[in-house]
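Let me put the structure up, and then we'll walk through it together.

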Amino acid sequence: MDDLKAKYLGQIADAGDENALEAIRVAAVGKKGEVALKMRELGKMTPEERQMAGPALNALKDEINSALSAKKAALADAALDERLRTEWLDVTLPTRARRQGSIHPVSQATEELTAIFAELGFSVAEGPRIETDWHNFDALNIPGHHPARAEMDTFYMHRAEGDNRPPHVLRTHTSPVQIRSMEKQGAPIRVICPGGVYRADYDQTHTPMFHQVEGLALDKDISMANLKWVLEEFVKAFFEVDDVELRFRASHFPFTEPSAEVDIRCSWDNGQLKIGEGDDWMEILGSGMVHPKVIAAGGIDPEVYQGFAFGIGIDRLAMLKYGIPDLRAFFDSDLRWLRHYGFAALDMPNLHGGLSR
Ligand code: DAH
């Protein structure tokens with residue numbers, strides 16, 4: 001028994017890891033281990049011998065078991081010490097000097113205009129970019145044969161063979177979010193709906209994906225005068241100037257009556273775009289009094305509620321405000337462009353602290 005004890009306590013002391021320790025446990029005090037085998041021999045002993053050997057074997061078993069758990073704890077401590085030594089981190093190292101990311105001008109402009117409209121009492125609503133034909137067109141008083149469908153260079157989603165329902169579209173404007181907001185919220189309502197829209201078009205001021213913000217205000221006593229005031233307030237706040245020259249041009253949209261397109265005075269000298277001066281005008285938005293059919297399509301009674309709507313090109317606003325001449329570069333993901341035109345990530349635009357600085 002002394003031999004057994006010396007053998008196993010020695011092995012336990014020398015064990016290098018938990019696996020070795022487990023092998024020793026099985027060999028010594030496991031069900032078929034050496035101590036268990038010895039215990040079986042108790043049956044063949046005389047009662048006197050058994051009285052001596054039984055307690056001694058139990059004591060041996062206990063001793064081996066406690067040596068095993070002590071060694072197990074010691075191995076775990078050593079492993080932790082080793083991890084702490086190798087996974088060392090110098091928290092006093094300075095951070096990287098160069099900023100790693102920046103806010104895209106479209107995101108910046110969206111945050112700025114959201115802050116302005118929030119101050120004017122508009123909340124933000126969003127809708128899906130893959131839109132039903134009904135929300136994108138019919139509900140906005142653009143029936144199937146209407147030329148506006150062709151003018152918008154719509155991207156249609158693929159339709160399964162034999163499926164005769166109208167295909168979904170990549171929304172061509174944010175106007176369908178007017179309908180979704182009316183359906184959801186009813187009237188009175190004041191929302192803006194920013195987001196991406198899609199049209200098959202590509203040149204210096206057009207890309208197949210671009211961004212708009214829709215505005216919708218319905219109540220019992222809203223007139224075109226409210227529309228004009230809101231747009232002027234917005235444009236002044238956005239461009240951070242006391243006065244901006246706007247031109248309201250009578251126009252036509254199926255979803256508004258009457259309708260106006262709004263241009264902003266600018267110049268394009270040597271490809272440099274400047275706002276507020278020059279002989280050029282850049283169209284930045286469409287607007288008007290919401291057509292009664294559109295209000296009804298949104299589930300609201302046009303005899304009770306009226307109001308205005310507008311749709312503004314966010315990318316164009318960003319080009320004008322930040323003097324960016326080519327829209328296509330917005331979506332090239334060229335890091336040099338982003339470093340040049342991007343905004344600091346932690347400056348949140350707000351009307352009191354300043355929109356952009
Ligand atoms: N949806 C129009 C477009 O993309 C823009 C627009 C015009 C929106 C007039 C409106 C509006 O809400 O009243 O060309």
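This is a predicted model: local features need pLDDT of at least 70, side-chain atom pairs count only at pLDDT 80 or more; totals for chains, interfaces and linings use all residues.

The protein is split into domain 1, residues 2–86, and domain 2, residues 104–344. How far apart are the centres of the two domains? Taken over C-alpha atoms, domain 1 and domain 2 have their centres 79 Å apart.

Let's begin with helix H1. H1 has 13 residues, and from its first C-alpha to its last it covers 18 Å, close to the 18 Å you'd expect at 1.5 Å a residue. Which residues of H1 are buried? They are Leu4, Tyr8 and Ile12. Looking down the axis of H1, those buried residues fall within an arc of 55°, so they line one face of the helix. Now turn to the face of H1 that points away from the buried side: there you find the exposed residues Asp2, Asp3, Ala6, Ala13 and Asp14. And what covers the buried residues of H1? The cover includes H2, H3 and H4.

That brings me to H4, which runs over residues 47–86. H4 has 40 residues and reaches 58 Å from first C-alpha to last, again close to the expected 58 Å. Its buried residues are Ala53, Gly54, Leu57, Leu60, Ile64, Leu68, Lys71 and Leu75. Notice that there's a lysine in that list, Lys71. The buried residues of H4 pack against helix H1 (2–14), helix H2 (18–29) and helix H3 (34–41).

While we're here, zoom in on Arg25, which sits in helix H2. Is Arg25 buried, exposed or partly exposed? Its relative accessibility is 32%, so Arg25 counts as partly exposed. Leaving out residues up to four places away in sequence, Arg25 touches Gly30 and Leu68.

Okay, on to the strands. I'd look at S5 here, residues 209–219. Of its 11 residues, 9 are buried, so S5 is largely enclosed by the rest of the structure. What does S5 pair with? One partner is strand S4 (residues 189–198), joined to S5 by 10 bridges and running antiparallel. Within that pairing, Cys193 stands opposite Glu214 in S5. Another partner is strand S10 (residues 306–313), also antiparallel, over 8 bridges. There, Asp219 has Gln306 of S10 as its bridge partner. A handy general point for reading strands: in a regular strand, side chains alternate between the two faces of the sheet.

Staying in S10, have a look at Ile312. Its relative accessible area is 0%, so Ile312 is buried. What does it touch? Not counting residues up to four places away in sequence, Ile312 contacts His211, Gln212, Val213, Phe234, Ile284, Leu285 and Leu317.

Next, a hairpin: S6 connects to S7 through 2 residues. S6 covers residues 246–253 and S7 covers 256–267, and they pair antiparallel over 7 bridges. Phe253 stands opposite Thr256 in S7.

A quick word on cysteines. Cys193 is buried at 1% relative accessible area, and Cys266 is buried at 0%. How many disulfides are there? The count comes to 0.

As a general rule, most residues other than glycine have a negative phi, and most peptide bonds are trans. Here we have a cis peptide bond between Ala187 and Pro188, with omega about -5°. Pro188 lies in the loop between helix H8 (176–185) and S4. The bond from Glu257 to Pro258 is cis too, with omega near -5°, and Pro258 is in strand S7.

For positive phi, Asn141 has a value near 65°, and Asn141 is in the loop between helix H6 (133–136) and helix H7 (147–151). At 19% relative accessibility, Asn141 counts as buried, since the cut-off is under 20%. Glu240 has phi near 55° and lies in the loop between helix H9 (224–239) and S6. With 40% relative accessible area, Glu240 is partly exposed.

That's my tour, thanks!

Conventions. Residues are numbered from 1 along each chain as its sequence is written. Side-chain values use heavy atoms; hydrogens and water are left out. Two strands pair if DSSP finds at least two bridges between them. Helices (H or I, at least four residues) and strands (E, at least two) are DSSP runs, numbered from the N terminus. Domain bounds come from an automatic or database domain assignment. The expected span of a helix is 1.5 Å times one less than its number of residues. Buried means under 20% relative accessible area, exposed over 50%, partly exposed in between (1.4 Å probe, protein chains only). Contact means heavy atoms within 4.5 Å. A disulfide is a pair of cysteine sulfur atoms within 2.5 Å. The arc is that of the directions from the helix axis to the C-beta atoms.
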